[in-house]
Amino acid sequence: MLLLGLDLGTSSIKASVVDGSTGKLVSSAQYPEVENTISSPKEGWAEQDPEMWWDCVKNAIQRCNATGKYNPKDIKAIGISYQMHGLVMVDRNLSVLRPSIIWCDSRAVEIGNKAFQAIGAEQCFSHLLNSPGNFTASKLAWVKENEPKVYGSVYTIMLPGDFISMKLTGEITSSNSSLSEGIFWDFQTNDISTDVMKHYGFSSNILPEVRPVFSNHGGLSSSMADLLGLQAETPVTYKAGDQPNNALSLNVLDPGEVAATAGTSGVIYSVSDKVSYDPKSRVNTFAHVNHQLNNENRLGTLLCINGTGILNRWVRDNVASGLSYQEMNALASKVSEGANGLRILPFGNGAERVLENKTVGSVLQGINFNVHTNAHIIRAAQEGIAFSLKYGMDIMAENGTKPSVIRAGKANMFLSDIFSQSLVNVTGVGVELYDTDGAKGAALGAGIGNSYFTNPKEAFVNMEKIGTVEPETSKSDSYKEIYADWKAILEKSL
């Protein structure tokens, strides 16, 4: 049983083919080789062209097929992971009406704040589990207010993964998990939120048909099958946002289990069976991929730091003089923890939910021209990212999430020993590393969705841990002092 997983990231698209019987990766490919750009026509805006994503998906699948390691027509199901909270709008011809307003775009913050006040805090938290904030529904409201001609041409809106599924199959569907991340879902009525739709003046037919996460979201059209070398009618049987999908890929499905990822953004994601929320909406609760499966609540509490891998990339492009990430890590390892007093706040990628949707910007403080080098800046950036996650995890602890261990794929920032050890040392929580990623998780999700696996847990019986990062107790006092200094700088910036 061959399964195809697609991971629609901000920087690139990855396609992976997995053998369902063994859980092993057969082949994978990424496109493009350089990172996709984010367009920012105005300060605080962040957009990408959905057709660019589709072009990358096609190229990634074709590159994967070109390895010759499998027969593409033997693929039996397709799963899709995608960057969360993005807004895609199409007309009746299914043509894209405008660039997607993506997850780190800040333009709709005030629109969401006004909706929160109008609907009421108690109603929002008890039904939506979040403030409308800067999520997809508020982004759609921005278009309605500021681009009425575009809004008037809308046939339907989608999350990014729904768009890729539509391109593959011609069908337009979504799920409770996807719509909850857009703040369209009411957890009390288990349906589309009438409060949100009424407040913003949206018609209910603007949203896709709702189907379970693990279900048939349409079969591959003949034209797409011919284009991609796959079998016609191969079903898309799984779609999920990248963070719920990352948790799935790490077998984080039950209450108390915690996953992490650190790509363009950094995320800590914990699963609970309790419908709960943060009273300041600094961390957010959405439907997990297995929510309501077997009538059990499975909610994912998500801490997101926008400025994570994007800061590391900025340092590479502007400070590291052309070094690779591996070379950067090696250079920074020669600098001791604390980077000789240099501190960096990583909040330079739009409004941060963990900071109550404030746009703080990145801060570099304490630089000494006679002491600090690019190695110190690299280390301070990676430590600043780790410290920002610690800051958010303390907020999660206020709401009852206190992990004993965190699972992560050995990818992106977790390829850096400096980042991984800094995170573990400052939080005191060990990290288990696994050889998995979003595309592989999406492939296994497809196997769950087409009933190759009888339940989600069965998909991960062959999952193997490849490493563990444990706290260095001898350095705990040092990291407490460094973090306290970093936090003081942050609090002065708020």
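The following legends describe close-up views of a predicted model.

Because the model is predicted, local features require pLDDT of at least 70 and side-chain atom pairs count only at pLDDT 80 or more, whereas totals for chains, interfaces and linings use all residues. Residues are numbered from 1 along each chain as its sequence is written, and side-chain values use heavy atoms, with hydrogens and water left out.

**View 1. The open mixed sheet.** Five strands are arranged in the order β3-β2-β1-β5-β13, and their pairing is mixed. Strands are DSSP runs of E with at least two residues, helices are runs of H or I with at least four residues, and both are numbered from the N terminus. Two strands pair if DSSP finds at least two bridges between them. From one strand to the next, the twist averages 15°. Strands β1 (residues 2-8) and β2 (residues 13-19) are antiparallel partners joined over seven bridges. Asp7 is placed opposite Lys14 of β2.

**View 2. Helices against the sheet.** Helix α1 (residues 50-65) lies across β1, β2 and β3, and its direction is at about 135° to β3. Helix α10 (residues 242-249) also packs on the sheet, where it touches β5 (75-82) and β13 and makes an angle of about 110° with β13. Such angles run from 0 to 180 degrees between N-to-C directions, with axes taken as lines fitted to C-alpha atoms, for helices over the stretch in contact. Contact denotes heavy atoms within 4.5 Å.

View 3. Seven of the eight residues of α10 are buried, so the helix is largely enclosed by the rest of the structure. The buried residues are Gln243, Pro244, Asn245, Asn246, Ala247, Leu248 and Ser249. These buried residues pack against β5, β13, β14 (258-262), β15, β17 (299-305) and α15. Just after the helix, Asn251 adopts a positive phi of about 60°.

**View 4. Pro244 within α10.** Pro244 belongs to helix α10 and has a relative accessibility of 1%, so this residue counts as buried. Leaving aside neighbours within four places in sequence, Pro244 is in contact with Met84, Tyr269, His288 and Val289. The C-alpha atoms of Pro244 and Met84 are separated by 9.5 Å, although the two residues are 160 residues apart along the chain.

**View 5. The crossing of α10 and α15.** Helix α15 (residues 438-449) packs with α10 at an angle of about 80°, the axes being 8 Å apart. The two helices α10 and α15 are therefore roughly perpendicular, a class that covers 65 to 115 degrees, while angles under 35 are roughly parallel, those over 145 roughly antiparallel and the rest oblique. On the α10 side the contact is made by Asn245, Leu248 and Ser249; on the α15 side it is made by Gly438, Gly441, Ala442, Gly445 and Ile448.

**View 6. Gly447 in α15.** Gly447 is located in helix α15 and is buried, with a relative accessible area of 0%. Not counting residues up to four places away in sequence, Gly447 touches Leu3, Tyr452 and Phe453. The C-alpha atoms of Gly447 and Leu4, 443 residues apart along the chain, are separated by 9.1 Å.

**View 7. Ser272 in strand β15.** Ser272 lies in β15 (residues 266-272) and counts as buried at 18% relative accessibility. A polar atom of the Ser272 side chain lies 2.9 Å from the backbone nitrogen of Lys274. With residues up to four places away in sequence not counted, Ser272 touches Pro255, Asn297, Arg298 and Leu299.

**View 8. Helix α6 and the residue after it.** Nine of the ten residues of α6 (residues 160-169) are buried, and the helix is mostly covered. Among the buried residues are Pro160, Phe163, Ile164, Met166 and Leu168. Gly170 follows α6 and has a positive phi near 85°.

**View 9. Cys56 and Cys64.** The count of disulfides is zero, a disulfide being a pair of cysteine sulfur atoms within 2.5 Å. The cysteine sulfur closest to that of Cys56 is in Cys64, at 15 Å, which is too far for a bond. Cys56 is buried at 3% relative accessibility, and Cys64 is buried with a relative accessible area of 1%.

Notes. Buried < 20%, exposed > 50% of the residue type's maximum accessible area, 1.4 Å probe, protein only. Polar contact = N/O pair within 3.5 Å; in protein donor to acceptor, adjacent residues only side chain to side chain.
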